[in-house]
Amino acid sequence: MRPLRNPVIQGLLAWLLARWMAFCFATIRWTHEDQDKAEAVWAKGGGALAVFWHSRIALSPACWPLDRAQPAKALISLSADGQFIARAVARLGFPAIRGSSSNKDKAKQAKGGTQALRDGLKQLKVGALAITPDGPRGPAREMAQGLPLLAKLSGAPALFIGLSCKPAIRLGTWDRALVPLPFGKGAIVWDVAHWPEDGDMEAVTADWTERLTAVEARADAITGLERV
């Protein structure tokens, strides 16, 4: 049996990961760029989409201040690995909505796409929804249309978040995911967009892909992390 399918082992590892993340976030020297864009969204309240590429999911709780930002939930896949991540981020104040936004043409199939869309729209009426638009299986930095669709249907702004830290462990996963190490340098870079009136889905998806990649690349430039 895979270890992550054992609920006891999964719970222990999730607790350890959450404690490790919190320790790293507290000791990293953070640089924030264009945070005024996020502050305006937080001050207004209501729905908001917190968007970052899948490889930076272990850094994501550092970008959302629970004391002044909207309450947030994270859209996390239904896989066993997704359950492990869901339990870890929940311990840091971000309960999960289970499902996937990545299926471009399979929204009604398994993986909870349809229910995740409903639950995501419900969450966006009251708070923020964190989403990795290339997850859960990639390809890396290729945006599925679930994110633009949520923005179009909800009217919520999309906050593009570039996250980086150095030093970090880079895993051998499909997205080359980062795991933070303590006492290093970190960066959080922001951009914001709304679904444009009469917007074209493919054009918006391409534009938002470029903008999300740009803030991540800028964060990596600040920390000196090598791009892969």
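**Burial and the cavity**

Guide: Buried residues, those under 20% relative accessible area with a 1.4 Å probe and protein chains only, make up 49% of the 228 residues in the chain. The model is predicted: local features need pLDDT of at least 70 and side-chain atom pairs pLDDT 80 or more, while totals for chains, interfaces and linings use all residues. Residues are numbered from 1 along each chain as its sequence is written, and side-chain values use heavy atoms, without hydrogens and water.

Visitor: How many cavities of 30 Å³ or more are there?

Guide: Rolling a probe the size of a water molecule over the atoms shows where empty space is left. A cavity is a set of points, on a 1 Å grid over the protein atoms alone, where a 1.4 Å probe fits but cannot get out. The count here is one cavity of 30 Å³ or more.

Visitor: Which residues lie nearest the centre of the largest cavity?

Guide: Lining residues have an atom within 4 Å of a point. There are 16 of them, and Phe-52, Ser-60, Ala-74, Phe-94 and Ala-130 lie nearest the centre. Strand 3 (72-76) and strand 5 (128-131) each give two or more residues to this lining; strands are DSSP runs of E, at least two residues, numbered from the N terminus. Strand 3 gives the largest share, four residues.

Visitor: What classes of residue make up the lining?

Guide: Ala, Val, Leu, Ile, Met, Phe, Trp, Tyr, Cys and Pro count as nonpolar, Asp, Glu, Lys and Arg as charged, and the others as polar. The lining has 14 nonpolar, two polar and no charged residues.

Key:
Buried < 20%, exposed > 50% of the residue type's maximum accessible area, 1.4 Å probe, protein only. 1 Å grid on protein atoms, 1.4 Å probe; cavity = no way out; pocket = protein on both sides within 12 Å on 5 of 7 lines; lining within 4 Å. Points joined across faces, edges and corners; volume = space filled by probe spheres on them.
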